[in-house]
There are 2 protein chains.
Amino acid sequence: MVWSDTTINASEHQAFQSFFKAVDWLSEEDRKYLTAKLDPNSPPSREELEMWWKTIKSSVDNDTTYPHLSSIGIEILKKNAPEVAHTFPLSKVEKELGNLESQLGIIGQSAALTFKSSHANISTSYETKKGFETEKLTALLDGRRKPLIDEIKSVISKKEFDYVDPGNLKEYREQVLVWCKMLADKGYGSIGFPKEYGGGDDMEGYFTVMETLSYRDLSTVIKFGVQFGLWGMSVFMLGTKKHHEKYLPAIGTLELPGCFAMTETNHGSNVRGIETTATYNHKEKTFTINTPHINARKEYIGNAALHGKMATVFAKLLINDKDYGVSTFIVPLRDEEGKTLPGIAIEDCGRKMGLNGVDNGLIAFDKVTIPKENMLDRFSSVDEEGEFQSPIASDNKRFFTMLGTLVGGRIGIPRSALAASKSGLTIAIRYADKRRQFGPDGTTEVPILNYRMHQRRLLPLLSKTYACHFAMEYVTERFLNRKEDEMQEIEALAAGLKSYVTWHNTATLQECREACGGKGFLSENRIDALKNDSDVYTTFEGDNTVLLQLVAKSRLSAYKEQFENMNLFTVIDYVVNKTKTSITEKNPLIIRNTDENHLLDPEFHLNAFQYRENSILSSAGKRLKRLMDEGMDPFDAVNVAQHHLFTLAMAFIERVILEKFIEKIEQTTDPELKQVLKRLCDLFALYQIETHNGWYLEQGYMEGIKSKAIRKMVNQLCWEIRKDAVPLVNAFNIPDSCLSAPIAT
Amino acid sequence: MVWSDTTINASEHQAFQSFFKAVDWLSEEDRKYLTAKLDPNSPPSREELEMWWKTIKSSVDNDTTYPHLSSIGIEILKKNAPEVAHTFPLSKVEKELGNLESQLGIIGQSAALTFKSSHANISTSYETKKGFETEKLTALLDGRRKPLIDEIKSVISKKEFDYVDPGNLKEYREQVLVWCKMLADKGYGSIGFPKEYGGGDDMEGYFTVMETLSYRDLSTVIKFGVQFGLWGMSVFMLGTKKHHEKYLPAIGTLELPGCFAMTETNHGSNVRGIETTATYNHKEKTFTINTPHINARKEYIGNAALHGKMATVFAKLLINDKDYGVSTFIVPLRDEEGKTLPGIAIEDCGRKMGLNGVDNGLIAFDKVTIPKENMLDRFSSVDEEGEFQSPIASDNKRFFTMLGTLVGGRIGIPRSALAASKSGLTIAIRYADKRRQFGPDGTTEVPILNYRMHQRRLLPLLSKTYACHFAMEYVTERFLNRKEDEMQEIEALAAGLKSYVTWHNTATLQECREACGGKGFLSENRIDALKNDSDVYTTFEGDNTVLLQLVAKSRLSAYKEQFENMNLFTVIDYVVNKTKTSITEKNPLIIRNTDENHLLDPEFHLNAFQYRENSILSSAGKRLKRLMDEGMDPFDAVNVAQHHLFTLAMAFIERVILEKFIEKIEQTTDPELKQVLKRLCDLFALYQIETHNGWYLEQGYMEGIKSKAIRKMVNQLCWEIRKDAVPLVNAFNIPDSCLSAPIAT
């Protein structure tokens, strides 16, 4: 054993010398022989080492436990030379050699296993076990939209939808257009439009389509979303009957491909700052759409580079030189043959990190004239006298009402992201269950999902994916049944979940990529496409960081209506006073409670999440008030507290997610499903508490002993969920043809 | 103000009613008028709101501070109707209206700013300021290799090296080969080879080339590394004179493109498990190389799909049916014309997440015969009698010595990763300095780098990039001057830094992508290529998670020689005893010390990092010993503690990084550079402590008050460094032609 690294160092040499002197059962000859064999300057030959190894190995019994290495030595002696053995005080020898082993830092019992040809170990033998009916869990996840989901899955599983190489932009974009047409032909494009214009009057169906399509090519999902969700919905939500009649039927069938031209190079998040103008000419009853400079071009516009024939254009309305703020207009871009119209200049955005099947472009308008009826006039219009009219008096409110109608996108995108996460996890977890690498000597290698680190990399993400699924179900439901006075809350929920879920997706796919090693880097296994295509989800439909600032402001002014329009300094007193009493008291017994029942109690989890949310809400409110009371400019004050506000928004969203997960489990009746979901929920909750343990300890909400117990419990839950992991991803029920990854199918 | 969201809610309405009743200076008529104007059911018209707004705005003086909104009202009254004004008890009115504002949650002084056309604020005006000479910092970063660095930068800045579209695999791969040939022609390929074989005897130069080339196309860097670093260095390090003479000159000029065929489909990290065989035939003096089954094919092999003519093949050596473990052999793959030789079957790995200019492939050998002299026989050979020979007796030691010769790759890769991070940060920080979005009313928009969240996203990563730079300088130096007995330490350092730096790179580029919004998603700005090309760095040259396990074991057995060959159960007693006394005592004064001088004291930082490293080392050692003492299988025990070991390795590497950063600053004499580097180092140290604050609080190393002070200090440092951020990335001195991103140049 000491020669196993072919070196004997000074302290080891010293230990032997002292030992030889101390024991009384070695003859002078024995001592000499041993000293020679343990001379640091003359290691044994390869053959000699091999002979020793074989001798020991052949003498070891797989089923015996050897307390020391020397126990094996004594066995060999007894068997091979019984006549010599009895001349030694064997139990004394074994004990003293055992002490020497300890002195050398050897744990004899463990070291003895090296010589066994096999021995029981948990790491190798642990495996997937069926603990519930995956079909039942699939049914629970799909809910009442199961028939539609199954129908779409069967459509996108067909050969015509087979993935194509994304290398050739031209071919890829044309293919994606073909796919969108095939989907439109099935009626999926217009499913959210009113029946009278060829639609299905089924907005929930639209979200289901967006999500389910996301198991296939994501460029198709986004091109589909641009056409039907952005272009179509903007005409529907911002326009009036005349627009609906004229455009919606052809949009729904994709006969009229169009764009949603809001973002400009210089203004993305800050939509109010856009510089494109729409000047009203009362004499001709027309508008002139104009791009004042190169950085005011519409940018990243989907469908613009190749296929879009018209666009909903956001522009500042000017009447008699007076600026009436942002309004929307339908502007033709191309003629029937696809030729760009006069005054329209389009540039291709070229290759992107992902979504290369979508033809994004830049659009410039050089004094393009459109008829008056092209103004989408639901929220603002110009009357017969050429005067501005609006049903909403406040410019602010009008602006945010207009944008608020587009909140659906902030539900469609995270649902698509979640589908991408599910695909990534299905691939990575199935692979980890089969892939073996390393293992104890003499056994088969260990499935990498049995490694604790691998579990920690993937399983908390799996639990979070389930958690987000139920939260998205909830916000969808709220949106579909929205009432006017709930809009502020629903918009905040959608913005927050959009941010949380899309970041979760990015992190999940990155982890899946790495967890699959070299296989994860090959495009054939599709994690790269999932990651790169969905990466921009954290940026579009509102940049996550910006959105979360809005969510935080909304929390600080929970009783106001339009959360994007908050002047914080008008409202924070309210929240400061409100939260004073609502923070749960810290119980001195609970902060040290490491009892398993307590740690796995959903009430404890929810309390911890609520405590965090309320505390941060209160402290952020107080801080802002203090800064402004001291005379700091409110914009500066909000900037100083920006990280604080970010944390507040995240804490709010996490509390909502946990709450909905717990409710879902309470509603679940099947005992097997209830158990596995409860375990996932426990992992989600405790993993988040572990992630924020610095904050909890800082607050005195728990003590070190409890945070350590939570870390241990997270490891334990990962270990327990490992056996369910494959069934849990199978329950996502993603068609193999969509997954396509050879390592997963 | 109350109508600003066009709604008056019940509590607001209630507040007005009580107020009107309470004050004595309103006439009945006034009350009626006001009540009518504040009727929740009849909001003012657009025109009326606008008139109010204009009236107020035109009366407000930009330079006056108004304690309440009502202070503005009184000004208006005094100016427009002095005859009415004097009939009111004005100071009482102002005070009572001020109270009403508070009651409504309005901070009057802040709210009054809304009506000013402009007012001073910090968020808008803060900007880049020159605090040091960037050239001097560049010189400090480049050190003695500056001439070579400048030379390479000028080569890769030329037109011939302009980026090509990665969409067409065939063209891209041929272009990358051309680039590699151009670099070889300059002598960069053979720079690390001995002079006698056409090289430059300059291993340090080789690392410098790898790093500097990484400012250009990363496929070129990896193809270059495969040819000269892996294929060339394996012949040099594992072969003997006959191989050097025969192959090195042609490898160095790229006349002989080759591969490094180690990894197999079923065995990546676990190299010892490879199944390719090399059977010795004594009669013919040949070896037969064979792939036993499809999953034993060599996979991901760079240069294999198209260009490689030969390969260093790792295979199990069999002599007379006896397995002598892994050895290496030169196996021809293609003839002069590039046609695959008989018995060789190559499959293209196809498109990958990145590095698509490298032709990775799978190789299968169907009983391919090679002459005996093709065995790379430095560490193992077959003698004239057909007997196995090796200068290293132990199979273990031989194996790890062989792999240890390839440790250079674990230095080249993180240096390349760091160059990618520097490119990403240069692009993202320059963009953030120019890009403006949102701002207080009446001012220009704010550069997004002035937002606290944006600073928090990018600046800690900038500080870590600098920290890693100096750490890589250190490990390179150690490697170049290595002595035999330092190899275990150097291998652990290289493995640890490879993992740490490549993960840092992945995280940095992801953040840069998002921080540039839509612009970051466009390929023209190159963050996508940087991210996708370097993503696999965390996987190849040793998977990070696996490497860190080895690093941890090395720390637990610091006195052993070959760290990859550790049987943990033979050594952990040592470390358990050793660390008992080495943990710094917790000082009751220091755990609460929030003094700025203390928080910015490098001694405090280093102590905190050392304390963490030593504590985790000790607790991990004790835990493993306890588990094994209880009789747990050692493999299982290591698995149970895997997350613990991971943390240990990370803590070790972080301590080394901080130590080297602090040393570098001590050696810096220029006061301006010293100051800016000190600030970066403070941010690096405190950001890490903040990241691990849960652990520190759990241990009682600090109290909540201190961890809060650290969070505040991190914000403060980010704010201070923001003005240096652009000069700090400019000091990386990356040619604009290499950055190429329009948003950065």
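Here are some questions and answers about this predicted model.

Me: How are chain A and chain B related, by what kind of axis?
Reply: Happy to start there. Chain A can be laid on chain B with an RMSD of 0.1 Å, using a turn of 180° and a shift of 0.0 Å along the axis. The two copies are thus related as by a two-fold rotation axis.

Me: What percentage of the interface residues of chain A are also interface residues in chain B?
Reply: The contact takes 124 residues from chain A and 125 residues from chain B. The copies meet through the same surface, so the share of chain A interface residues that also belong to the interface in chain B is 100%.

Me: Which three residues supply 8% of the area that chain A buries against chain B?
Reply: Together the two chains bury about 10,200 Å², with 52% of it on carbon and sulfur atoms. On the chain A side, 8% of the buried area comes from a trio that supplies more than any other three residues: A:Arg46, A:Phe521 and A:Glu698.

Me: How many salt bridges does the rule find across the interface of chain A and chain B?
Reply: The structure holds 94 salt bridges over all chains. One that pairs the two chains joins the side chains of B:Glu50 and A:Lys322, at 3.0 Å from N to O. Across the interface, the number found is 10.

Me: Which helix of chain B holds the salt-bridge partner of A:Arg711?
Reply: A:Arg711 meets B:Glu698 in a salt bridge, 2.6 Å from N to O. A:Arg711 lies in helix α29 (residues 704-730) of chain A, and its partner sits in the other chain, so the pair joins two chains. A:Arg711 is partly exposed at 22% relative accessible area, while B:Glu698 counts as buried at 9%. The helix that holds B:Glu698 is α28 (residues 693-699) of chain B.

Me: How many residues apart in sequence are the parts tied together by B:Glu204 and B:Arg145?
Reply: The side chains of B:Glu204 and B:Arg145 meet in a salt bridge, 3.1 Å from N to O. B:Glu204 is in helix α12 of chain B, whereas B:Arg145 is in the loop between α9 (134-142) and α10 (146-156), so the pair ties together parts separated in sequence by 59 residues.

Me: Is B:Glu28 buried or exposed?
Reply: B:Glu28 forms a salt bridge with B:Arg31, the closest N and O atoms being 3.6 Å apart. The two are 3 residues apart in helix α2 (residues 28-37) of chain B, separated by about one helical turn. B:Arg31 counts as buried at 19% relative accessibility, but B:Glu28, at 51%, counts as exposed.

Me: How many disulfides does the rule count over all chains?
Reply: Two cysteine sulfur atoms must lie within 2.5 Å to count. The sulfur of A:Cys468 is 12 Å from the closest cysteine sulfur, in A:Cys681, which is too far for a bond. B:Cys681 likewise has its closest cysteine sulfur 12 Å away, in B:Cys468. Over all chains, the count is 0.

Me: What percentage of residues 601-744 of chain A is helix?
Reply: UniProt, in an unreviewed entry, places the feature "domain: Acyl-CoA oxidase C-terminal" at these residues. The end C-alpha atoms of the span lie 35 Å apart, and its strand content is 0%. Its helix content is 83%.

Key
Residues numbered from 1 in each chain as written. Chains lettered and ligands numbered in written order. Predicted model: local features only at pLDDT ≥ 70, side-chain atom pairs only at ≥ 80, totals over all residues. Heavy atoms only, no water. Least-squares fit on C-alpha atoms with pLDDT ≥ 70 in both. Contact = heavy atoms within 4.5 Å. Buried area = accessible area lost by both parts, 1.4 Å probe. Salt bridge = Lys/Arg side-chain N within 4 Å of Asp/Glu carboxyl O. UniProt positions renumbered as here; feature names shortened; annotations may be inferred. Helix = DSSP H or I, 4+ residues; strand = E, 2+ residues; numbered from the N terminus. Buried < 20%, exposed > 50% of the residue type's maximum accessible area, 1.4 Å probe, protein only.
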